[in-house]
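Dear colleague,

Please find below the structure that I am handing over to you, together with its sequence. My findings follow directly after it.

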Amino acid sequence: MPPYLRHVRTEPTRVRRPTPRQLEWLRCGLDRPSGNLPLFDTFGQRVSNRTMKSCVERGWAETRDEAIRDWQLCQLTSAGRRVLDAD
């Protein structure tokens, strides 16, 4: 293979699907005004920063400008709604 083609990906790209935990968190935004996503789950446990961060990175959620103490607030995006509709 020529050196200028070594960086080209040959395997097909994988479509990312939300994990069950991510789906559960994103669904909470459907029932809330402006698609606001909760900081705590139904059992009163803090939603994992990893869950929030991965949803934001994939475009399913977006961070809001305001923060409460050191907690980042998020809301559901149109891409997140599409993912939930497809599920």
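Ser-34 sits in the loop that joins H1 to strand E1 (36-37). Please bear in mind throughout that this is a predicted model. The phi of Ser-34 is positive, at about 60°, although the residue is not a glycine. As a rule, most residues other than glycine have a negative phi. Is Ser-34 buried or exposed? Its relative accessible area is 59%, and because the cut-off for exposed is over 50%, Ser-34 counts as exposed.

**Overall arrangement**

The protein contains three helices and three strands. Read from the N terminus, these elements follow the order α-β-α-β-β-α. The protein has 87 residues, and 31% of them count as buried. Among contacts with a separation of 6 or more, 49% are between residues 24 or more positions apart.

**The packing of H1 and H2**

Helix H1 covers residues 20-28 and helix H2 covers residues 49-57. They pack at an angle of about 80°, and their axes are 10 Å apart. H1 is therefore roughly perpendicular to H2, since angles of 65 to 115 degrees fall in that class. On the H1 side, the contact is made by Arg-21, Gln-22, Trp-25 and Leu-26. On the H2 side, Thr-51, Met-52, Ser-54 and Cys-55 take part. Sorted by class, the residues of this contact are four nonpolar, three polar and one charged.

Ala-61 belongs to strand E2, which spans residues 61-68. Ala-61 counts as buried because its relative accessibility is 3%, and the limit for buried is under 20%. Which residues does Ala-61 contact, leaving aside its neighbours within four places in sequence? They are Trp-25, Leu-26, Leu-37, Cys-55, Val-56, Gln-75 and Thr-77. Trp-25, Leu-26 and Cys-55 also take part in the contact of H1 with H2. Ala-61 and Gly-29 are 32 residues apart in sequence, and their C-alpha atoms are 9.4 Å apart in space.

Leu-73 is found in strand E3, residues 71-76. With a relative accessibility of 8%, Leu-73 also counts as buried. Its C-alpha atom is separated by 7.9 Å from that of Pro-38, a residue 35 positions away along the chain.

**The largest pocket**

How much space lies in the largest pocket? The computed value is about 180 Å³. The lining of this pocket is formed by 14 residues. Arg-21, Glu-24, Trp-25, Asp-41 and Val-47 are the ones that lie nearest the centre. H1 supplies the largest share of the lining, with four residues. By class, the lining divides into five nonpolar, four polar and five charged residues. Two of the residues nearest the centre of the pocket, Arg-21 and Trp-25, are also among those that H1 brings to its contact with H2.

With kind regards

How values were computed:
Residues numbered from 1 in each chain as written. Predicted model: local features only at pLDDT ≥ 70, side-chain atom pairs only at ≥ 80, totals over all residues. Heavy atoms only, no water. Axes fitted to C-alpha atoms, helices over the stretch in contact; angles between N-to-C directions. Helix = DSSP H or I, 4+ residues; strand = E, 2+ residues; numbered from the N terminus. Parallel < 35°, antiparallel > 145°, perpendicular 65-115°, else oblique. Contact = heavy atoms within 4.5 Å. Nonpolar A, V, L, I, M, F, W, Y, C, P; charged D, E, K, R; others polar. 1 Å grid on protein atoms, 1.4 Å probe; cavity = no way out; pocket = protein on both sides within 12 Å on 5 of 7 lines; lining within 4 Å. Points joined across faces, edges and corners; volume = space filled by probe spheres on them. Buried < 20%, exposed > 50% of the residue type's maximum accessible area, 1.4 Å probe, protein only.
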